[in-house]
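Dear colleague,

I am handing over the structure that we spoke about, and my notes on it follow below.

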Amino acid sequence: MERAAEEELVAEAHPMNKAAAIAGLGALGVLGAVILGRKPGPPGPGPGPSPAYPGPRLVVWAGPVNESQVPGATIPGAILKFIVCAGNGSPSCGQIADSWEDSDGRRLPGMLAQLGLGEGAVGDIFLGAFSAGGSIWKRVLMHPKDRARVRAVVLSDATYTSPVIEPIEGFVRYGLDALQGGKLLVATASASPNKSYGSGEEVLAATRDEIARRSGVSFEAGGSFETSPPPEHIYSAPGILFAHYGWLGGGHMLHPQIAPAVWQNVVQPRIG
């Protein structure tokens, strides 16, 4: 069950940096509109296989973010689209995703239709999210047929729940798929809380623990994650990389800033 409080997600910064974070969110200027055990795993995912689906690759970003804020956070040659929304928008990010649900429980065909694309017209799909944009993809990734079409999920401080800190089921399921090969799940998270609720880091940790519990795969700590500043902590398993940044760069608003480096230095070399 989705909780109403989640749809009002506004990740706040540490009190010392709160004003800067709010100013940054305001500068985005976009609300509610669609614009366009086992043995431990290796230290991180290596290059992936060839594209699973023929056709042009598609990158779709979701959340209070647009292309000017994440230049280069994509896959070379891919079609690039943005679903611009906020947790407290009308409709909210979650409501937009729910509007796509069909009689089979799938949402990805509805998303593609809203973007003016047919499911057969695109190849591998890559999903990016900032902030409340994670509320869209966690719903899309609940259905196995929708997950099958997604080559990579890249979350930029987009792991929030309320009112309790708990694993995000859609991301858990996608992570379990990624462990089997051919997919990539990358997430960065901050210590900025969702109002009075938990932070992206806390929810990402809960999601990581649930993936480990269900799979029996141990995440390894440490490794390389090529951003500036580098993360405080890195956790990896086959096909999965989670990076925790704490309050670095002011918390929440650091993450769209580092997103281009994440896509170019972490994602692109690993997707083949």
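Arginine 149 lies over the face of tyrosine 53, at 4.1 Å from the ring centre, and the charged end of arginine 208 is likewise placed over the ring of tyrosine 235, 3.8 Å from its centre. A charge is said to sit over a ring if NZ of Lys or CZ of Arg is within 6 Å of the ring centre and within 35 degrees of the ring normal.

Please bear in mind that this is a predicted model, in which local features need pLDDT of at least 70 and side-chain atom pairs count only at pLDDT 80 or more, while totals for chains, interfaces and linings use all residues. Residues are numbered from 1 along each chain as its sequence is written, and side-chain values use heavy atoms, with hydrogens and water left out.

Helices (H or I, at least four residues) and strands (E, at least two) are DSSP runs, numbered from the N terminus. On one side of β1 the buried residues are Leu58, Val60 and Ala62, and on the other they are Val59, Trp61 and Gly63. β1 pairs in the parallel sense with strand β2 (residues 79-84) over 6 bridges, and also in the parallel sense with strand β3 (residues 125-130) over 5 bridges; two strands pair if DSSP finds at least two bridges between them. Valine 59 stands opposite leucine 80 in β2, and its bridge partner in β3 is phenylalanine 126.

In α6, the buried residues include Phe171, Val172, Tyr174 and Leu179, and just after the helix glycine 181 takes a positive phi of about 105°.

Which cysteines does a disulfide join? The search of the whole structure finds 1 disulfide (a pair of cysteine sulfur atoms within 2.5 Å), and it joins cysteine 85 to cysteine 93, with S to S 2.1 Å. The torsion about the S-S bond of cysteine 85 and cysteine 93 is about 100°, so this disulfide is right-handed. Cysteine 85 is buried, with a relative accessible area of 0%, and cysteine 93 is buried at 1%.

A search of the whole structure also finds 3 aromatic pairs (rings of Phe, Tyr and Trp, the last by its six-membered ring, with centres within 6.5 Å; planes under 30 degrees apart count as stacked, over 60 as edge-to-face and the rest as tilted). Tryptophan 61 and tryptophan 263 form a tilted pair, 6.0 Å centre to centre with 35° between the planes. Tryptophan 61 lies in strand β1 and tryptophan 263 in helix α8 (residues 254-267), so the pair ties together parts that are 202 residues apart in sequence. The rings of phenylalanine 219 and phenylalanine 242 have their centres 5.9 Å apart and their planes at 20°, so that pair is stacked. Ring pairs also link Trp61, Phe82 and Trp263 into a cluster.

Notes
Buried < 20%, exposed > 50% of the residue type's maximum accessible area, 1.4 Å probe, protein only.
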